[in-house]
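This report goes through selected features of a single structure. The sequence and the coordinates are shown first.

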Amino acid sequence: MKYCRFQLNGQAQYGLIESVAGRDTILRILLTPPEEADGDMESLHTRRIEPIPLEQATLLPPVRPSKIVCIGRNYREHAEELGHDVPKEPLLFLKATSALLAPGGTVRRPKISERVDHEGELGVVIGKTCYQPAADQDIRQYILGYTCVNDVTARDLQNKDGQWSRAKGFDTFCPVGPLVTDEIDPWAGIGVETRVNGDVRQQGNTRDFIFPLNVVIRHIAQAMTLFPGDVIPTGTPSGVGPLLAGDVVEVSVGGVGTLRNPVVDE
Ligand code: ZN
């Protein structure tokens with residue numbers, strides 16, 4: 001199953017995507033949001049619409065999370081490039097939901113930062129309420145699907161503040177999309193690539209995670225309830241670097257697609 005969120009006749013809708021002649025196409029809308037299914041997507045009613053090629057749709061972020069829980073330093077080489085030790089347990093931080101940005105939306109570099117970096121990441125979307133799952137429970141049942149996230153970061157303010165809420169929380173600092181799919185398997189290895197103006201800056205594979213997703217989700221849910229729609233950006237590979245006004249930044253996750261956003265100065 002693949003879905004997006006998009007504008008249809010001035011209203012936000014969830015659109016189910018199928019391949020038509022090799023192109024991702026919206027063929028149906030969900031009459032209730034996927035997060036209301038609480039793990040039972042089969043129960044959701046849909047309605048057929050005039051087919052819309054995904055690239056022609058006015059996309060919105062495909063998620064409406066109660067929180068965005070990020071993992072820091074989940075790829076060994078990235079921890080090393082920032083001069084950090086490899087962590088012993090997953091490192092968590094929160095990103096403001098007001099930072100969400102649609103596919104194609106414009107990232108604004110704040111005046112008070114001189115260094116805004118891209119961090120291309122696989123994003124996990126939660127499908128079912130999860131709190132302190134039993135040790136024998138399969139964590140995959142809590143996952144609705146996967147998407148691309150750019151965990152945009154004001155690196156100078158991250159270092160200056162000593163904690164990360166401001167540096168990672170500016171409006172427009174969390175592009176997500178273009179769609180959510182459950183048709184990939186990060187445990188088997190999924191490529192994550194970031195490009196700036198077409199040049200490859202970051203390349204990683206989820207098989208190199210320090211902490212696999214079941215460990216990450218258990219660790220988060222030990223502390224806080226994960227609700228349907230919550231997003232977990234799972235850490236960035238090495239190669240983080242600056243974004244400048246006029247750049248176009250792209251995050252591609254294998255089997256998901258490409259999240260593309262232009263950059264301007266505020
Ligand atoms: Zn990150």
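The sections below cover a sheet, salt bridges, a metal site and the cysteines of this predicted model.

## A three-stranded sheet

An open sheet is built from 3 strands in the order β13-β10-β18, and the pairing is antiparallel. Its edge strands, β13 (153-154) and β18 (241-242), each pair on one side only.

Strand β10 covers residues 116-118 and runs antiparallel to β18, to which 2 bridges join it. Histidine 118 has glycine 241 of β18 as its bridge partner. In general, the strands of a sheet pair through backbone hydrogen bonds, in parallel or antiparallel fashion.

The structure contains 16 salt bridges. One of them joins the side chains of glutamate 55 and arginine 23, with an N to O distance of 2.9 Å. This pair links distant parts of the chain, 32 residues apart: glutamate 55 is in the loop between β4 (46-53) and β5 (59-60), and arginine 23 is in strand β3 (residues 23-30). Glutamate 55 counts as exposed because its relative accessibility is 60%. Arginine 23, at 39% relative accessibility, counts as partly exposed.

A second salt bridge brings together the side chains of arginine 109 and aspartate 265, at 2.6 Å from N to O. Arginine 109 belongs to strand β9 (residues 107-109) and aspartate 265 to strand β20 (residues 257-265), so this pair ties together parts that are 156 residues apart in sequence. Arginine 109 has 12% relative accessibility and therefore counts as buried, whereas aspartate 265, with 46%, counts as partly exposed.

## A salt-bridge network

Arginine 155 and aspartate 117 form a salt bridge in which the closest N and O atoms are 2.9 Å apart. Since arginine 155 lies in helix α2 (residues 155-161) and aspartate 117 in strand β10, the pair ties together parts that are 38 residues apart in sequence. Both arginine 155 and aspartate 117 are buried.

The two residues also belong to one network, in which salt bridges that share partners join Lys95, Arg115, Asp117, Glu119, Asp151, Arg155 and Lys168.

## The zinc site

Which residues coordinate the zinc ion? The donors are Glu119 (OE), Glu121 (OE) and Asp151 (OD), at 2.0 to 2.1 Å. Their spacing in sequence is E-x1-E-x29-D. Glutamate 121 is in strand β11 (residues 120-126) and aspartate 151 is in the loop between β12 (143-150) and β13, so that distant parts of the chain, 30 residues apart, are linked by this pair. Glutamate 121 and aspartate 151 are both buried.

A search of the whole structure finds 0 disulfides. A disulfide requires the two sulfur atoms to be within 2.5 Å. Cysteine 4 counts as buried because its relative accessibility is 0%.

Cysteine 130 is likewise in no disulfide, and the nearest cysteine sulfur, that of cysteine 70, is 17 Å away. Cysteine 130 is buried as well, with a relative accessible area of 0%.

Methods. Residues are numbered from 1 along each chain as its sequence is written. This is a predicted model: local features need pLDDT of at least 70, side-chain atom pairs count only at pLDDT 80 or more; totals for chains, interfaces and linings use all residues. Side-chain values use heavy atoms; hydrogens and water are left out. Two strands pair if DSSP finds at least two bridges between them. Helices (H or I, at least four residues) and strands (E, at least two) are DSSP runs, numbered from the N terminus. A salt bridge is a side-chain nitrogen of Lys or Arg within 4 Å of a carboxyl oxygen of Asp or Glu. Buried means under 20% relative accessible area, exposed over 50%, partly exposed in between (1.4 Å probe, protein chains only). Donors are N, O and S atoms within 2.8 Å of the metal (3.2 Å for Na, K and Ca); water is not among the atoms, so sites may look incomplete.
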